Amino acid sequence: MRFYTQIIYEIFIIGSFLLGRTQRVRVGEQLSAEVRVTSGVPQGSVLGPLLFLAYVNDIWRNMESTIRLCAEDCVIYRKIITNADMEKLQEDLDRLGEWAVENAMKINPSKSKAVRFTRAGVKDPLNYLLIGTLIPKASSCKYLGINLRSDLSWADQINYAVKTAWKALHFTMRILKKGNSNTRSLAYMSLVRPILECGAACWDPYREGQISALDRVQKKAAKFAHNTNSPNWETLASRRKLSRICALFKAYSGEPAWKPICDTLQRPHYLSRVDHEGKLGVGDLGRI
């Protein structure tokens, strides 16, 4: 009896938190009339993210394709080899539309993207529908802060990182004109360098032009902070290498988020007396 009482009490608390809210707009000294808030949760609240996660937690049920959820982003994908695979993906999109209708979730298909990741010369159109509306085809998309391009090139991601980092660096230089070297150096390492390194374990560039574009940002920051092009800072290349090594260790050790990559690592069939059981060949690393 106490268990049911607790559930009813929690439902009452959540209901009082969501129901009966109003909102209005202020322009200068004028206030608009109050309007009832019929959906959503207050932004910035502690319960908001928890209630949203509880709301969308069952969206993956009955899905045959792989579905990934991160906050309000939802990605559905599968390997397409035959027409049957395309039909299964469309069926999952139909299930997603049915879930949205059942749960009163409004999805705007025009804000969704259909992207095909391949280097093959496939010319078949992407005719996937969501709630009866054709999903626009795109050559790239952004997921978890990383720009993914259909031809598997990282040019868009690197160009975006360089452009964003320059903006952050110029802003820092304007604000810290009178700052000392330590303050300027700390500002670069806190506000600019993370932009240059976000997700670098997967998009670490090999083209000289892309590497130079990234290095120019750090050289400008070094000139600003220490009035030299070569301060006692780690190079971006060495930091990206360390990031790749850490990613390999996480994949090799089988951490949950890295297990799909771990499954692709193939250990040598033969080990000599001087080898160890954890050995990986160069070819095996290339499969990551």
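Which residue in the turn of the β9 and β10 hairpin has a positive phi? Some notes on that and the rest follow.

1. **Ground rules.** This is a predicted model, with local features taken at pLDDT of at least 70, side-chain atom pairs counted only at pLDDT 80 or more, and totals for chains, interfaces and linings using all residues. Residues are numbered from 1 along each chain as its sequence is written, and side-chain values use heavy atoms, leaving out hydrogens and water.

2. **The hairpin.** It's Leu-144: β9 and β10 form a hairpin with two residues between them, and Leu-144 in the turn has a positive phi of about 55°. Strand β9 (residues 140–143) and strand β10 (residues 146–149) run antiparallel and are joined by four bridges. Strands here are DSSP E runs of at least two residues, helices are H or I runs of at least four, and both are numbered from the N terminus; two strands pair if DSSP finds at least two bridges between them. Ser-140 has Arg-149 as its bridge partner in β10. Arg-149 also turns up in a network of salt bridges with Asp-151 and Asp-156.

3. **Largest core.** A nonpolar core means buried Ala, Val, Leu, Ile, Met, Phe, Trp, Tyr and Cys residues joined through side-chain atoms within 4.5 Å. Buried is under 20% relative accessible area, exposed over 50%, and partly exposed in between (1.4 Å probe, protein chains only). The largest core has 23 residues, and the members touching the most others are Tyr-188, Val-192, Leu-196, Leu-214 and Val-217. Two or more residues each come from α4 (155–175), α5 (181–197), α6 (200–203) and α7 (208–226), with α7 giving the largest share, seven.

4. Leaving aside neighbours within four places in sequence, Leu-196 is in contact (heavy atoms within 4.5 Å) with Ala-161, Ala-165, Tyr-188, Trp-203, Leu-214, Val-217 and Leu-236. Apart from this core lies another one, of 15 residues, including Val-56, Ile-76, Trp-99 and Leu-130.

5. **Helix α3.** The length checks out: at 1.5 Å a residue, the 20 residues of α3 should span 28 Å, and the end C-alpha atoms are 29 Å apart, which agrees. (The expected span is 1.5 Å times one less than the number of residues.) Buried residues in α3 include Leu-89, Leu-93, Leu-96, Trp-99 and Ala-100, but also Asp-85, Gln-90 and Asp-92. Their cover includes α2 (47–56), β6 (73–77) and β7 (129–130). Just after α3, Ala-104 takes a positive phi of about 55°.

6. In one of them, Arg-95 meets Asp-92 at 2.5 Å, N to O. The two residues sit three apart in helix α3 (residues 83–102), about one turn of the helix. Asp-92 is buried at 0% relative accessible area, whereas Arg-95 is partly exposed at 26%.

7. **Salt bridges toward the end of the numbering.** Arg-244 pairs with Asp-204, their closest N and O atoms being 2.1 Å apart. Arg-244 lies in helix α8 (residues 236–252) and Asp-204 in the loop between α6 and α7, so the pair ties together parts 40 residues apart in sequence. Arg-244 is partly exposed, at 36% relative accessibility. Arg-239 and Glu-234 form a salt bridge too, at 3.0 Å, N to O. Arg-239 is partly exposed at 23%, and Glu-234 is partly exposed at 42%.

Conventions. A salt bridge is a side-chain nitrogen of Lys or Arg within 4 Å of a carboxyl oxygen of Asp or Glu.
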